[in-house]
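Reader: Please show me the structure. I am new to it and will ask as we go.

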2 protein chains.
Amino acid sequence: MAEAVRIGLLGCGTVGGAVVLLLSQQQEAIAARTGAAIIVTRIAVRDLNRQRNLPIADEVFTTDAQAVVDADDVDIVVELMGGEEPAGTLIMRALERGKPVVTANKLLLARSGHKLYAKAATAGVDLAYEAAVAGAVPIIKPLKESLAGDQVTRVVGILNGTTNFILTQMTEHGADYSTVLKDAQELGYAEADPTADVSGADAAAKCAILASLAFDTIVHADDVFTEGIEQVSATDISVADRLGYVIKLVGIASRCGEEIDVRVHPTFLPKTHPLASVSGAFNAVFVQAEAAGDLMFYGRGAGGEPTASAVLGDIIDVARNLQQNATGPREMMLHASNIRPIGLLQTQYYVLLDVDDQAGVLAGVAAIFGDHNVSIAQVWQEGHEDAAQLVLVTHRAQEQALRATVDGLRTLSGIRRIASVMRVESEVFA
Amino acid sequence: MAEAVRIGLLGCGTVGGAVVLLLSQQQEAIAARTGAAIIVTRIAVRDLNRQRNLPIADEVFTTDAQAVVDADDVDIVVELMGGEEPAGTLIMRALERGKPVVTANKLLLARSGHKLYAKAATAGVDLAYEAAVAGAVPIIKPLKESLAGDQVTRVVGILNGTTNFILTQMTEHGADYSTVLKDAQELGYAEADPTADVSGADAAAKCAILASLAFDTIVHADDVFTEGIEQVSATDISVADRLGYVIKLVGIASRCGEEIDVRVHPTFLPKTHPLASVSGAFNAVFVQAEAAGDLMFYGRGAGGEPTASAVLGDIIDVARNLQQNATGPREMMLHASNIRPIGLLQTQYYVLLDVDDQAGVLAGVAAIFGDHNVSIAQVWQEGHEDAAQLVLVTHRAQEQALRATVDGLRTLSGIRRIASVMRVESEVFA
C-alpha cells in the first residue's frame with residue numbers, strides 16, 4: 001500500500017475549493033479510514049492569479065490541465081471543471097492512462113457517459129460520479145450498489161434546486177413566475193441566465209443519468225422529453241392547491257415493459273406524496289423497486305460544500321480500491337434504450353381555459369373531450385365579470401389523445417385562451 | 001475469479017426465504033454484475049420438515065448451523081436467524097475462518113458489534129449489515145462510505161415501523177393507544193408481545209448502531225436512554241397537532257463536544273420537518289453533516305422482501321470484493337464513547353397537567369417552573385366541568401431542572417395528575 005494517494009484536481013471553483021478545504025480539515029480521519037494520506041499534488045485552473053485562500057502551495061497550480069492528468073505524481077484525477085469539453089477529453093485520457101477518475105460533470109455523463117463507463121471498464125479503473133446528481137444526496141451508490149440485487153421500476157426526482165426554489169416561493173407567496181425568478185437571481189439561487197435550470201435541461205441531464213443506471217441501459221440527455229417551468233402561473237399553483245396537489249418540476253423515469261418512459265416537466269403531485277414536501281433548494285429522489293418498495297433520498301442538491309462532501313466520499317472509495325488493486329461496481333449499459341414516445345404516455349391531465357362566461361361553452365368543451373375519448377374526472381368553472389376560467393382534470397388518457405383534444409379546443413368558439421396544460425401524477429403513486 | 005460465489009444461509013424465515021427467491025429471480029442480472037453466479041449451497045434451519053416452497057433442493061437444508069459455517073462449499077455466510085446467540089458465536093466462527101459475513105442482526109450488532117467489527121478487520125474479511133437498520137433503506141452505506149469525508153453531527157431516525165404505524169393511526173383517527181395497538185396486532189403490524197417495539201428497545205438497538213458509525217465510537221444498546229410509546233395519549237397527540245407538531249418515536253444521536261447524546265423517546269416534531277410526514281410502517285433517517293448539510297433517507301423498515309433487497313445488495317458487494325481479494329471500508333470504533341447523562345440534555349418540554357379549575361393553580365404552577373429556572377414558552381388551559389387541563393411548553397431547559405420542576409408539581413395542591421411530560425425538538429432543526 002502506498003503511503004499517500006495523490007489527487008490531481010481539474011478546476012478549482014466553488015466545489016474544487018471546498019474539496020481542498022474539506023480534505024485538509026478531515027486529513028487525519030481520512031488517513032485513518034483509507035490507510036493512506038490523501039493529498040492534492042496538482043490543480044489545473046484557468047487563472048493562476050485569482051485569489052483563492054486555500055492551504056495549497058502556489059506551485060501546485062497550473063493552467064495545463066493535460067499535464068495534471070499525465071503527471072507521475074497524480075494517482076486519481078478529480079474533474080470539477082464542468083462542461084463537455086475539454087473535460088471529456090481529459091477524463092478519457094486519464095482513464096486510458098489507467099488513472100481512476102472522480103467527476104461531478106452531469107452534462108458530460110448525460111451525453112457521453114456510456115463511452116466513459118466503457119473506457120473505465122476496459123482500463124480496469126474506477127469512474128465515480130456521486131456528485132453529478134443531487135449534490136450531497138447519495139443516489140448513484142444506492143442505485144449501483146444497494147439495489148444491485150433488486151429491480152428498479154421507477155425513479156421520480158426533484159433534481160434542480162433553482163426551479164424547486166422558484167416553485168416553492170410561488171406556492172408560499174402566491175407570487176408569479178417572473179417576480180420570483182428576479183428574487184431568486186438576487187439571492188443567488190438562480191443564475192443571470194437561468195435557461196439551463198428553468199428550461200428543465202439541467203434536470204433532464206440528471207434524469208438521463210439516473211434512468212441509465214436504474215434500467216441498465218443507455219439513456220442520452222436528448223432522449224428525455226423536457227418542458228420547463230416558464231409557463232407555470234400563480235393560477236396553476238392555486239388551482240393545484242385547491243385540488244390537493246403541489247406543482248413540482250420532476251424527472252420521471254419508468255420501466256414500461258420493453259420501453260423506458262423518461263421525461264422532465266412541471267407536474268401536479270398529491271400533497272401526501274413524500275416528494276411534495278421537498279421545498280426550497282432541496283433535491284430528492286424517489287425510487288420504486290420490486291423488492292425494496294418505495295425509497296426516498298433527500299438533501300442539498302447544489303452548493304460548494306454539499307457537492308464537495310459527495311466528491312470526497314467518492315475519492316475515499318476510489319483511494320481504498322486503488323490501495324487494494326480493486327475496483328467498484330460497473331454500469332451495465334449494454335445497449336441503447338427503447339424510449340417510449342411521449343405521445344404514448346398514459347397519465348392524467350390538468351387543463352385551464354379562459355372562456356366566455358356564457359351558456360353552451362362547457363357543453364362544447366365537454367363534447368371535444370368526449371370526441372377524443374378523454375374522460376373528465378373533475379371540472380370547475382369560476383366567473384370573473386364577463387369572462388370565466390374553466391378547470392378540467394382528466395382521468396388517465398393517452399398524451400396524443402389529450403393533444404388532439406387541446407387542438408380541438410383551439411377552434412372552439414367561446415374559448416379565449418388555453419391557459420395551461422399540465423400532467424397530473426396521482427394514480428401511479430397509489 | 002471463481003465461477004460461482006457460494007452462500008451459506010443461517011436461518012430461512014421470512015427474510016431468508018425472500019433472499020433465496022430474489023437470488024433466483026435476479027440470477028442472470030446478478031451474475032452479469034458480479035462476474036460470477038451467486039448460489040445458495042447450504043441453509044441451516046430449525047425445522048427440516050417445514051413447508052417452504054423455495055427453488056432449493058432438499059439436501060441443501062440442514063439443522064447443523066456450525067456445519068454450514070465450516071463447509072468448504074460456503075464462501076459467504078449470511079446470518080438471518082436473529083437474536084444474540086447462537087448467531088454471535090456462528091458469525092465469530094465464520095470470521096475466524098476467513099469467511100465474510102452478511103447479517104441483519106441489529107440486536108447482536110448493538111450489543112457486540114465492536115467485537116465483530118474488530119474480528120472482521122483482523123481476519124481481513126467483510127462484515128456487512130445494511131439490513132440491520134431501517135430494512136431496505138440504505139443508511140449504513142451512506143454513513144460508512146458516502147459521508148466518509150464529512151463530519152456527521154446528528155442523526156435522527158424513525159427506526160421502528162410498528163410504533164410509527166401506531167402513532168400514525170392515533171394521529172389520523174384520534175384513537176387511543178390500546179385500541180390502535182389491538183388493531184395493529186390484528187393487521188400483523190405488531191407482534192402478540194409488542195414489548196420490544198413499543199418500549200423503544202428495538203429502535204434503541206438501531207440507534208446504537210447508527211451512533212457508533214456516525215461518530216466513530218462504540219455505542220452500546222444499553223447506552224441509549226430509552227422511553228417507549230405506551231404512555232402517549234390521544235390528548236397528547238391532539239395538543240401536539242394544535243401546537244403545530246406531530247408525535248414520533250425517534251432515535252436521536254448527536255455529537256456534543258466530546259460527548260455523545262443518544263436517546264430514543266416519543267418526541268414533538270414540527271409538522272414542517274421532513275420526518276414529520278413519514279407515516280405508517282415507514283422508516284426514515286435524517287442526517288446532519290457539516291459539509292453535506294441535511295440529508296434524509298426514507299423507505300420500508302421491515303418485511304421480508306424489503307429486507308431481502310438490502311441483504312442482497314450486501315451479498316453482491318461482498319461477492320465482488322471476494323472476487324478481487326479486496327474488502328470494503330472498516331468501522332473506526334477506537335474507544336467507548338462518552339455518553340452525556342440524560343440529566344444534562346438541553347431541549348424544550350411539553351407538560352400536560354390535570355388540575356382543579358380554580359383560581360391560583362396557574363400561579364402556583366408558574367412559580368414552581370420559575371423556582372427551577374425553567375422558562376415557559378406557551379401555556380394554555382382548558383376547562384372540563386370542575387376540572388381543567390393545563391398545557392405548558394417550555395423554552396430550552398436542562399432535563400434535570402425539568403425533572404425537579406415536575407417533582408415540585410407533584411406536591412402542589414390543585415394538581416390532580418401529571419398527565420404527560422414529553423420532549424419537544426424544534427430549535428435543533430432550525
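Reader: How many residues of chain B are in contact with chain A?
Author: Contact here means that the C-beta atoms of two residues, placed from the backbone, lie within 7 Å. On the chain A side, 46 residues take part. On the chain B side, the count is 46 residues.

Reader: What should I know about the model and its labels?
Author: It is a predicted model, where local features need pLDDT of at least 70 and side-chain atom pairs count only at pLDDT 80 or more, while totals for chains, interfaces and linings use all residues. Residues are numbered from 1 along each chain as its sequence is written, with chains lettered from A and ligands numbered from 1 in the order in which they are written.

Reader: Which element gives the largest share of the side of chain B that touches chain A?
Author: Elements are DSSP runs numbered from the N terminus: helices are H or I with at least four residues, strands are E with at least two. α2 (27-34), α6 (140-146), β12 (293-300) and α12 (304-323) of chain B each supply at least two residues of that side. The largest share is 11 residues, and they come from α12(B).

Reader: How many residues on that side of chain B are nonpolar?
Author: Ala, Val, Leu, Ile, Met, Phe, Trp, Tyr, Cys and Pro count as nonpolar, Asp, Glu, Lys and Arg as charged, and the others, Gly among them, as polar. The side has 10 polar and 10 charged residues. Its nonpolar residues number 26.

Reader: Which residue of β12(B) stands opposite M296(A)?
Author: Strands pair if DSSP finds at least two bridges between them. Strand β12 (residues 293-300) of chain A and β12(B) run antiparallel, joined by 5 bridges. Opposite M296(A) stands Y298(B).

Reader: Why is chain A as compact as a globular protein of its length?
Author: Chain A holds 14 helices and 17 strands. The globule rule, 2.2 Å times the number of residues to the power 0.38, is set against the radius of gyration, taken over C-alpha atoms. For 430 residues the rule gives 22 Å, so chain A counts as that compact because its radius of gyration is close to this, at 24 Å.
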